[in-house]
Amino acid sequence: SSAGTTTKFLQSVTRTTGRTWKQALQLQKTVMGVASAFGDDLNKVLEEAAEVMSQLAVHGVEKLTGVLNNLYAASKRTGMGMSEIIAFSDRFDTFEAAADAAGRLNAVLGQMGAAPIIDTMQILEETDPAKRMQLFADAIEQSVGNFEELDYYQQRAVANAMGMSVEETRRILLQ
């Protein structure tokens, strides 16, 4: 039922993010506004949002609404679930992982004649999952142009550098 979904969402918000019931209702209004702008099933969106709430809690009360809106919009553009985007972003949460990804990606782009474009600190400083994903997409686009115009091996190399499949990479880049 929609009442059940709403309650689940509100409880998820108040339990995991330290928001008050009133703040949770405000967040729900925002989510529903964005969902109806996309013409989506509100219950489905609230359920998905409730599932990722505990992972978004780290962003704090101030940033939570913006992070959730970005995540939802990125999910719509890429066709990836919100939790998939968070999982992608979480891969780069440590200095080693971010440095490793930046190094691999820059090496691959360098082989294609592009200037190294992404740096470790950039990745670590951007904690918003949707924006972090966009950082990779922008870096690749700026340095090699259209991903679709790369040959098979180049596409594989770029995807491998990010630890993704070519299909996943394509979804991120062609949003």
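What percentage of the contacts in the protein chain between residues at least 6 apart in sequence join residues at least 24 apart? In this predicted model, the value is 62%, where contact means heavy atoms within 4.5 Å. The model is a prediction in which local features need pLDDT of at least 70 and side-chain atom pairs count only at pLDDT 80 or more, while totals for chains, interfaces and linings use all residues. Residues are numbered from 1 along each chain as its sequence is written, and side-chain values use heavy atoms, with hydrogens and water left out.

The secondary structure of the protein chain consists of ten helices and zero strands. Helices (H or I, at least four residues) and strands (E, at least two) are DSSP runs, numbered from the N terminus. The order of elements from the N terminus is α-α-α-α-α-α-α-α-α-α. Along the principal axes, the C-alpha atoms of the protein chain fill a box of roughly 55 × 30 × 20 Å. Of the 175 residues in the protein chain, 42% are buried. Buried means under 20% relative accessible area, exposed means over 50%, and partly exposed lies in between (1.4 Å probe, protein chains only).

The packing of helices was examined next. Two packed helices are described by the angle between their axes and the distance between the axes. Axes are lines fitted to C-alpha atoms, for helices over the stretch in contact, and angles run from 0 to 180 degrees between N-to-C directions. Helix α4 (residues 60-78) packs against helix α5 (residues 82-90) at an angle of about 105°, and the two axes are 9 Å apart. Helix α4 is therefore roughly perpendicular to α5; angles under 35 degrees count as roughly parallel, over 145 as roughly antiparallel, 65 to 115 as roughly perpendicular and the rest as oblique. On the α4 side, L68, L71, Y72, A74, S75 and T78 take part, and they meet M82, I85 and I86 in α5. By class, this contact of α4 with α5 has seven nonpolar, two polar and no charged residues. Ala, Val, Leu, Ile, Met, Phe, Trp, Tyr, Cys and Pro count as nonpolar, Asp, Glu, Lys and Arg as charged, and the others, Gly among them, as polar.

Helix α4 also packs against α8, with axes that come within 7 Å and cross at roughly 50°. This angle makes α4 oblique to α8. Here V67, N70, L71, A74, R77 and T78 in α4 meet P129, A130, K131, M133 and Q134 in α8. The contact of α4 with α8 has six nonpolar, three polar and two charged residues.

Two residues illustrate these contacts. T78, in helix α4, is buried, with a relative accessible area of 7%. The side chain of T78 reaches the backbone oxygen of A74 at 2.8 Å, a polar contact, that is, a pair of N or O atoms within 3.5 Å; within protein, one must be able to donate a hydrogen and the other to accept it, and residues adjacent in sequence count only if both atoms are side-chain atoms. I85, in helix α5, counts as buried because its relative accessibility is 0%. Leaving aside neighbours within four places in sequence, I85 is in contact with L71, A74, S75, T78, M80, P129, A130 and M133. The C-alpha atoms of I85 and D128 are separated by 10 Å, although these residues are 43 residues apart along the chain.

Helix α8 (residues 129-144) has 16 residues, which at 1.5 Å a residue should span 22 Å; the end C-alpha atoms are 23 Å apart, in agreement. The expected span is 1.5 Å times one less than the number of residues. At the start of α8, a side-chain oxygen of D128 reaches to within 3.0 Å of the backbone nitrogen of A130. The buried residues of α8 include P129, A130, M133, F136 and I140, and their cover includes α4, α5, α6 (95-111), α7 (120-125), α9 (152-161) and α10 (166-173). After α8 comes G145, with a positive phi near 75°.

Helix α7 contains I123, which is buried at 0% relative accessibility. Not counting residues up to four places away in sequence, I123 touches F92, A98, A102, I118, R132, L135 and F136.
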